[in-house]
Every structure is written in C-alpha cells, then in structure tokens.
Amino acid sequence: MTEIIKNKIVSGMRPTGKLHLGHYFGVLKNWINLQKEYESYFFIADWHALTTKYNQTEDMKENIENVLLDWLASGINPEISTIYLQSLVPETAQLHIYLSMITPQNWVERDPTLKDLAKIMKDKHENISNLSYGLFGYPVLMSADIMLFNSNFVPVGIDQVAHVELTRDIARRFNNIYKIELFNEPQPKLTKTSLLKGLDGNKMGKSFNNDIKISDSPETTEQKIKTGITDRNRIKKNDKGNPQNCEVIYDYWKIFGSNNEQIEICTDCQSAKMGCAECKKKLARKINEYMAPIRDKRKELEKQPDYLRNIIYEGSKKAQIKAKETIIKVENAIRMYK
Ligand code: TRP
C-alpha cells in the first residue's frame, strides 16, 4: 500500500496578545482551510517575540494562552494539525545556529522587515545599537522554523514574503555547501491580504486601537463599530449616503452581510431611509451573530487550562520527533562529531 505523502506547510505567529478580526479573516481562515489538505505545523513564535520584547516578558504566558485560545476557537484543529510552542522545540535553535554560520551578514541586512524593525527601534530608543544580535537574527530564526520540517509552503501575508525568499536562498546555499539535496526551497503561499480594514480605515492592528478582537463581547463590538468611518460627506441623517464612499462600515457589510442584506443596506443608505447609527447597530448584530460560536467555544476552552497545556506539550513533542530527524540529517551533512 502506498502512503499518500502530503505537502507540508508551516506558519507561526508571535504571541503579542489577543487576536483580532484582521487575523481571523486574513490568516486564520486560510490556515483552517489548508490544514485539511496539508501536513500542517502551526506554532507560537515566543522566541521571535523576545527579539523585541526581551524586557517585557510579564505577560508572555498570558499572550501565548490567548493566541492558542483564539486559534482553537477559530477552528485550528489539534487532531489534524501540529500546534506547538517554538521554545518547546529547541531543535529550532540548533538549526538556527547551523544556518547562522552559512548566512552572509549582508543577506540579513537586506531584509526589508528587519529594516522596518530597525526603524521602529531607532524611533523608540534613538540609538540603532539597541538592535540586538537576536533581532538581527530574526530572519535566520524564521528560516530555521521553516526548514525544520522541510516545508513546501509557508502561508503568510505579503509582509513576510521577503523572509521566505531568504529561506529559499539559505536552503539552496546549505545544499550547495554540503553537497546534498537535503532542503527543498519553500514557497510562500500568499494569504489574500486582509479584507478587513481597521475601524479608522487603516490596516487593522492592535497598536493602532482600531481593532475588534475575536474575543470581544457583543457590547464591546457594538461600541467599537460605532467609531467606524462611514461616508464622510454624509453629515446629517437626512443626507443621502453613498456606500461607495463609505470607508469602513460598508466594507464590513461585504464580509458579514448576505447579498440581499447588502442590497438592502445600499438602498436604505442611498435613499436616506436609514442613518449611519442604525446601519452600524445592525452591522454589530451581524458580526456578533457570526462570531458567537467562536466566542462561545473560546469561553468553554478558557475553563480548561489543563487541556490547553496538554495541546501545547503534546504538539511540541510531535513536532520534536520530526525536528530531530532533520537535525540528524543536518549534522551528518556538516560532519559533526558523533
Ligand atoms: N515573522 C512572522 C510574523 O511576524 C512570524 C513567524 C516566525 C513565522 N517564524 C515563522 C511565520 C515561520 C511563518 C513561518 O508574522
């Protein structure tokens, strides 16, 4: 009997706190679909979080738990996907050190995300030398995450593509240097950019104060939706609105409303039958309906800390088995002492 070999995917998120609807529609929904088809590894990148938050670790544990809760509630399935914590698979660090030896410094310096991070550091501390050795290694650590399972695809947003390109370069260089066809060259699998803008019209982000969390209560959701931007030319309720110029709220309707509901909203807005306040109230109700099963499941899971811990530990053990196989091959290729 021939075993069907599935292609592999790996992706991770830094534990920065509760996830928002931008994560849900932009990343998680994609992962949830892909996990049915691919051998999937999803991990919480706590070491990557340390690259910038090394001195703010008080809420690390809570952040990890919140990410896990959001993943599970959204439908990442631990029965079919391997969910793990980066630091519980220390083979990641082993591979990282080997990759760091063969990665030219100027390859890392070219990394655009790193340049952005460096800029943020510079803005905060006014001193570029605060960019740590670890942060500098961010893209190499990410390459180790990906190569640890010899993944074929990496489902990420457009902002991460440069990192995957670097991984391809490093994988090729490893094969060349040690004259072995060990690593394949992973491809980014682009997540359609988040369809969901922040309430202020910018990219939805935790630090911009424009997000709706997966775990927000219906009341909070309604409060937040009230701040969403609509058609700026529609000042009074009697003014006729134009959904084409509605900057945020109508975009949300396109995701949460049925076709018929969208038509109805358009008609009532254009004829000034319905004002923005009412429209937002209706939208909040729709979002809350949509999110209710996820939020209910999250509340249930919150009551089961042992189960959550078990998922992280069991998943990490499972990941470690595969990771160890890779390390053996790598160390043989490099001719490390055995
Ligand atoms: N850098 C990614 C982010 O900030 C997180 C990440 C770390 C990752 N390692 C990875 C994503 C490996 C995909 C594959 O979103």
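Predicted model: local features only at pLDDT ≥ 70, side-chain atom pairs only at ≥ 80, totals over all residues.
**Strand pairing**

Find the bridge partner of serine 11 in S2, then work out how S2 sits between its neighbours.

Solution. Residue numbers run from 1 along each chain as its sequence is written, and side-chain values use heavy atoms, with hydrogens and water left out.

Next, widen the view to the strands. S1 (residues 8-13) and S2 pair in the parallel sense over six bridges; two strands count as paired if DSSP finds at least two bridges between them. Strands (E, at least two residues) and helices (H or I, at least four) are DSSP runs numbered from the N terminus.

Now turn to the other partner. S2 and S3 (residues 81-85) also run parallel, joined by five bridges. Look for tyrosine 41 and you'll see threonine 82 of S3 opposite.

Then check how covered S2 (residues 39-44) is: five of its six residues are buried. Buried means under 20% relative accessible area, exposed means over 50%, and partly exposed is in between (1.4 Å probe, protein chains only).

To finish, trace the path from S1 through helix H1 (residues 21-34) to S2: together they make a right-handed β-α-β unit. Right-handed here means that, with the strands pointing away from the viewer, the path from the first strand over the helix to the second runs clockwise.

**The ligand**

Solution. Start by listing the neighbours, taking a residue as near if one of its heavy atoms lies within 4 Å. The list is Ser11, Gly12, Arg14, Phe43, His48, Tyr138, Met142, Asp145, Ile146, Val154, Val156 and Gln160.

Next, sort them by type. You get six nonpolar, four polar and two charged residues, with Ala, Val, Leu, Ile, Met, Phe, Trp, Tyr, Cys and Pro as nonpolar, Asp, Glu, Lys and Arg as charged, and the others, Gly among them, as polar.

Now go through the polar contacts (pairs of N or O atoms within 3.5 Å; within protein, one must be able to donate a hydrogen and the other to accept it, and residues adjacent in sequence count only if both atoms are side-chain atoms). Arginine 14 puts a side-chain N or O atom 3.1 Å from a ligand oxygen. On the nitrogen side, a polar side-chain atom of aspartate 145 lies 2.8 Å from a ligand nitrogen, and for glutamine 160 the distance from a polar side-chain atom to a ligand nitrogen is 2.9 Å.

Then ask which elements supply the shell. Those giving two or more residues are S1, helix H8 (138-147) and strand S4 (153-156). H8 gives the most, with four residues.

Are isoleucine 83 and isoleucine 249 buried or exposed, and what lies across from each in space?

Solution. Start with isoleucine 83, which sits in strand S3. Isoleucine 83 counts as buried because its relative accessibility is 2%. From C-alpha to C-alpha, isoleucine 312 is 6.5 Å away, though 229 residues apart in sequence.

Now do isoleucine 249, found in helix H11 (residues 249-256). Isoleucine 249 is buried because its relative accessible area is 0%. Threonine 230 is 19 residues apart from isoleucine 249 in sequence and 5.7 Å apart in space, C-alpha to C-alpha.

**Positive phi**

Where do alanine 272 and arginine 335 lie, and what is the phi of each?

Solution. Keep the background in mind: most residues other than glycine have a negative phi. Alanine 272, in the loop between helix H12 (259-270) and H13, has a positive phi of about 65°. At 16% relative accessibility, alanine 272 counts as buried.

Arginine 335 comes in the segment after helix H14 (305-334) and has a positive phi of about 70°. With a relative accessible area of 71%, arginine 335 is exposed.
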